[in-house]
Amino acid sequence: MAVVLAGAALGTATVAADAAPVTDARSTVRDTTRSTACATGWGGHDKTRVAGTTTPVKDVRTGRHACFDRMVVDVPGASADRLGYFVRYVDRLHQDGSGRPIAVGGGAVLEIRIAAPGYRPESGASIYPGRAGRPLPGVDLTGYRSFEDARFAGSFEGETQIGLGLRARLPFRVLALDGRVVVDVAHTWDGAR
């Protein structure tokens, strides 16, 4: 019952805000520390956007933010309206085509499918340098709060598949922007920093 009530309470998003400067009565020093509330309305349900492109995935990179960890899948030249995705929690990541399980570290696994190939469709030549079952090239997750592991699952029939290992099932959002798909995973469920 507590889980249901906690989930219902998270249905509203908190908005980032600046705290008013505080003056300490004992001094003339002003505290200009900014207070940030983190968004909590993302949820953990499947996120889908139906679209597709033949423009290949070129890179995958990550970044750390105050409230969330971010993964960016770069698809240079693809417009936002042509970038589709399917992102969901899975018990185990299975490679498209072969069905082979791919081990992904962490307490939860987020399967990320981008509707763009990791190769040139006309020749089949690989563009994205990832190898199935291996960590993502150039991605170092040291110091991240939500991300623990990131594995390339492959690119099959025009879709690129990635397994993102998280410390737990946390709320996430997905954004399609010109030239990239962004996956943000919150650090907490309650919006605390």
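Seven of the eight residues of strand E11 (residues 159-166) are buried, so the strand is largely enclosed by the rest of the structure; buried means under 20% relative accessible area, exposed over 50%, and partly exposed in between (1.4 Å probe, protein chains only). The model is predicted: local features need pLDDT of at least 70, side-chain atom pairs count only at pLDDT 80 or more, and totals for chains, interfaces and linings use all residues. Residues are numbered from 1 along each chain as its sequence is written, and side-chain values use heavy atoms, with hydrogens and water left out.

**Overall architecture**

- The protein contains one helix and 13 strands, where helices (H or I, at least four residues) and strands (E, at least two) are DSSP runs numbered from the N terminus.
- Along the sequence, the elements follow the pattern α-β-β-β-β-β-β-β-β-β-β-β-β-β.
- Of the 193 residues in the protein, 40% are buried.
- Among contacts (heavy atoms within 4.5 Å) with a separation of 6 or more, 65% come from residues 24 or more positions apart.
- The protein exposes about 10,300 Å², and carbon and sulfur atoms supply 52% of this area; accessible areas come from the Shrake-Rupley method with a 1.4 Å probe, and for residues only the protein chains shown count as cover.

**Strand E11 and its partners**

- Strand E9 (residues 108-114) runs antiparallel to E11 and is joined to it by seven bridges; two strands pair if DSSP finds at least two bridges between them.
- Within E11, Gln161 stands opposite Arg113.
- Strand E10 (residues 147-156) is also antiparallel to E11, with eight bridges joining the two.
- Phe147 has Leu166 in E11 as its bridge partner.
- E10 and E11 form a hairpin with two residues between the strands, in which Glu157 takes a positive phi near 50°.

- Side chains of opposite charge can pair when their charged atoms come close.
- Asp74 lies in strand E5 (residues 68-74) and is buried, with a relative accessible area of 12%.
- Arg61 and Asp74 form a salt bridge whose closest N and O atoms are 2.7 Å apart; a salt bridge is a side-chain nitrogen of Lys or Arg within 4 Å of a carboxyl oxygen of Asp or Glu.
- This pair links distant parts of the chain, with Arg61 in strand E4 (residues 59-64) and Asp74 in strand E5, 13 residues apart.
- Arg61 is partly exposed, with a relative accessible area of 39%.
- Not counting residues up to four places away in sequence, Asp74 touches Pro56, Val57, Lys58, Asp59, Arg61, Gly179 and Arg180.

**Other salt bridges**

- The structure holds nine salt bridges.
- Arg173 and Asp184 form one of them, with the closest N and O atoms 2.7 Å apart.
- This pair links distant parts of the chain: Arg173 is in strand E12 (residues 172-177) and Asp184 in strand E13 (residues 180-186), eleven residues apart.
- Arg173 is partly exposed at 26% relative accessible area, whereas Asp184 is buried at 0%.
- Arg113 and Glu111 meet through their side chains in a salt bridge (2.9 Å, N to O), and both residues are buried.
- A network of salt bridges links Arg88, Asp96, Glu111, Arg113 and Glu159.
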